[in-house]
Amino acid sequence: PFTFNYYGTPRTSVFINNNGNISFNSPYSTFTANPFPDPSYNMIAPFWADADTRDFSQTLGSGVLYKITPTAMIVKWENVGYFDMHFDKLNTFQLIITDGTDTLLPAGKNVGFCYGDMQWTTGDITGGGGFGSHATVGVNQGNGIDYFQVGTFNQPTLAFDGPYNAPDGVDWLDNQGMYFNTSVSGNNIPPIIINNNI
């Protein structure tokens, strides 16, 4: 019921993808994340990784949930395990997009990433155990100009050295909130990061 400004393009419909992202041009089932920018994908990714939500009996309240209001959409990946039906480690994270006026986000911001406890980064494709290749956090228009990468994550640590250095520790995301603006094309404004894991 609202228009989302995605780097100068008004959007009124969206695909909610199981693997930790939303997209606008088409749905994505791709479970192996790429760093941004990437010309193949048009997505907002609070945590692009190999989420597995098939066995709800293992974790009460697990799954991908969403709520739409007149000015915002909230998507929450709640207690999601990783492929292939592993629930020994769980992730909880949330994406908020707004029309730019909703007070859910700070003034001037239309996208928010919020994290609970983050415990894994990849599924069995890279060797199992919840770690191996990386998960990607960021926004990618797919044109090589309009994108922002918070980082790539592949280990169970608090390590973080920026978006384009070594892969980071998923525990750095615990209890973080990140807010940014995708309203201006060609202007990659860094997010405001609120670090609550003190």
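These are my notes, by topic.

Ground rules. I worked on a predicted model, where local features need pLDDT of at least 70, side-chain atom pairs count only at pLDDT 80 or more, and totals for chains, interfaces and linings use all residues. Residues are numbered from 1 along each chain as its sequence is written, and side-chain values use heavy atoms, with hydrogens and water left out.

Sheet. I traced an open, mixed sheet of 6 strands in the order β3-β4-β5-β11-β12-β13. Strands are DSSP runs of E, at least two residues, numbered from the N terminus; two of them pair if DSSP finds at least two bridges between them. I then checked β4 (residues 21-23) against β5 (residues 43-48): they run antiparallel, joined by 2 bridges. I22 stands opposite I44 in β5.

M118. I located M118 in the loop between β10 (111-115) and β11 (135-140). M118 is buried, at 0% relative accessible area (buried is under 20%, exposed over 50%, partly exposed in between; 1.4 Å probe, protein chains only). Beyond four places in sequence, its contacts (heavy atoms within 4.5 Å) include F47, L90 and V170.

Backbone. Most residues other than glycine have a negative phi, and most peptide bonds are trans. I noted a cis bond between F36 and P37, omega about 5°, and another between F83 and D84, omega about 10°. N79, in strand β8, has a positive phi of about 50° and is partly exposed at 21%.

Conventions:
Helix = DSSP H or I, 4+ residues; strand = E, 2+ residues; numbered from the N terminus.
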